[in-house]
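Visitor: I am new to this structure and would like to be taken through it slowly. Could you show it to me, and then let me ask about its parts one at a time?

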Amino acid sequence: MTSVPANQQQASADPSSPTIIVSGDGDRLALTGTLEIVTLAEAKNSLKKWSKQGPSRMLDIAGLDSLDTPGALFLCGLRDKGVELTGIRAEHRALLDLICELDLKPLPKVESVPRWRQIVIQLGKGAHDARHETLDLITFVGRAASWTVNALIHPSCLRPASIARHVTETGIHALPIIGLMAFMIAIVIGYQGVAQLRPYGGEDFTINLVAVSVLREMGVLITAIMVAGRSGAAFTAEIGVMQTREEVDALKVMGIEPMQVLVVPRIVALVITLPLLTFFADIMGLIGGAAIAQFQLDVSPTQYLTRLPHVVDGSDLFVGLFKAPVFAFFIAIVGCMHGLRVSGSAESVGRETTRAVVKSIFLVIALDAFFSILFEKLGV
Amino acid sequence: MTTRTKAHAEPILSAQGIVNRFGKQVVHDKLNLEILHGEIIGIAGGSGSGKSVLLKTLVGLHEPDAGEVLLNGKAVQSIVAAERAALIGVLFQQGALFSSLTVAQNIMLPMREHTSLTGKEQEQIAAMKLALAGLPADTGIKFPSALSGGMVKRAAFARALALDPKILFLDEPTSDLDPIAASGIDALIRQLNHSLGITVVIVTHDLTTLFTVCDRIAVLVDRKTTVGTADKLMKSKHPWIHEFFHGPRAEGAMKARKPSHGN
């Protein structure tokens, strides 16, 4: 299909599919068949050279059975190049008139920015955003804290029904997954402990390792990360959807402060549930330790229980549980803050939810590092 | 212009014995509907009368509990995806433009998927569809979030026309639009039907659209359709249909119809 069309060219071998046939020679050609989007490439190929041979050529389209808008656009293009269209059927004329009269302009090009400039711009934007995000977070922490304290001073402002619902959703419904994860983390630590300590004959210390790390760090950390992914994201999505449906604005118009009805109950509920969940995770972690002791160290559960008070004490439990409400406060705050930042469109709900989860997990781990240093200095 | 024969006798789409039920609630009970080649048909009905479900059934998105929908004589559910895309265009109520793509990319998406045209040719066709839908070319590089309500509808129109469908379904094309934008959409529907010969099915409450644009109207009452021209339906004895065509809003919309009566 490289030369000027010969007498007949078949667009496709399949007889059932629409075809376009170019016939005739020299200055006069005729199109028969279907000139639609599916046969357009074929027709263009066949007529490419012919149409460039200058003016005073004629194309007969009386044999066209069907014509669609891309086909008409192609014919209009030929007409603009000086090709005369003859034998236009009545039912094609309206379409051709419509398409040829359209004021067509090519799509404007998007200006591309050089890569090195893009990087600089990204850096600048990132720094600018980071500053604003930090300021926003600090402001929001302050506002949320003041509203929470206000609600605690005036208990009539607390919404027990709402708090109870959130306690159920963030706490009771999370029990199975958190229990399972704590149990498995304990087993992971236990296996590593046994493998590393056995060459030195100290595999019995695995019990200390599991118990201390679960109570001080792993129990609370796993719980907080799980809750951040589960409930923090849910807070953002719930409030975000309310924001897109203008429910938050409706509250403000009614003179009800969104902070009081949406944010405070969630903070209070999470501050109640996260320590309880952490305690549950601690218990499950210790049970995981018991399983390791039984199967890897041949220490029976009764022996394990009698050894536990000697390897851990109240301060280990306290260190873990003390961190839980602090984490809870920040997870709830970040979740609610991003929920309230949702603007209009549904896709911003997804974006803010992702940000909320990333930020709250980051905050949990950063705070945990801070607490580790703090407790180290305090000698707890 | 042309003397294109309006509405051939044979239907392009026919729904026979459609039954749709959700739980115990029966929405459509042995509903029949024939849509003729080249006509503009309006589907009207009260809120909750099952207009949207009917639309989804007709385009093959929802499988009815009984009955079948024939498009060009073939069951709509059995038509392969590429062929169905070339036959049916749908304008969804909220536009349903993909928010991560520009308007031009939205229009080119079905072309990229179902044709072998080069990128440049696709862009030319997309620019033509934009112009056809009455949008300036620079709309093409914008994202849907940057468009006004009326422009979203027009852009969605352009995308629905991407593969030059034979039948175009419009779900509430004039809802949420100001009267000027709504009239513009009405004129666009008429123009496309006239010049491209597309069969148009409009699901709407908008009485002005029903009176000024549609050749025939199918009213969904009592889980079935009553089909006829506006004039015929106005004489209907059915209380709901009577109320629909003789309420205070209908009287106002009727006035809009008068000037276009001679055409």
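Guide: Chain A is divided into domain 1 (20–101) and domain 2 (130–378), with bounds that come from an automatic or database domain assignment. This is a predicted model, in which local features need pLDDT of at least 70 and side-chain atom pairs count only at pLDDT 80 or more, while totals for chains, interfaces and linings use all residues. Residues are numbered from 1 along each chain as its sequence is written, and chains are lettered from A and ligands numbered from 1 in the order in which they are written.

Visitor: What distance separates the centres of domain 1 and domain 2 of chain A?

Guide: The two centres are taken over C-alpha atoms, and the C-alpha atoms of the whole chain A fill a box of roughly 105 × 65 × 45 Å along the principal axes. Between the centres of domain 1 and domain 2 of chain A, the separation is 70 Å.

Visitor: What radius of gyration does chain A have, beside that of a compact globule of 380 residues?

Guide: The radius is taken over C-alpha atoms, and the globule rule is 2.2 Å times the number of residues to the power 0.38. A compact globule of 380 residues would come out near 21 Å, but chain A has 36 Å.

Visitor: How many residues of chain B are in contact with chain A, and which helix of chain B gives the largest share?

Guide: Counting two residues as in contact if their C-beta atoms, placed from the backbone, lie within 7 Å, 28 residues of chain B meet 26 residues of chain A. Helices here are DSSP runs (H or I, at least four residues), and strands are E runs of at least two, numbered from the N terminus; those giving two or more residues to this side of chain B are helix 4 (119–132) and helix 6 (179–196). The largest share, eight residues, comes from helix 4 of chain B.

Visitor: Where in chain B is confidence highest?

Guide: The pLDDT is the predictor's confidence in each residue, from 0 to 100, and chain B averages 84, with 94% of the residues at 70 or above. Over residues 1–7 of chain B the pLDDT is below 50, although this stretch has 16 contacts in the model beyond near neighbours in sequence. Among the elements of chain B, helix 10 (residues 248–257) is lowest at a mean of 77, and the highest, at 92, is strand 8 (residues 199–203).
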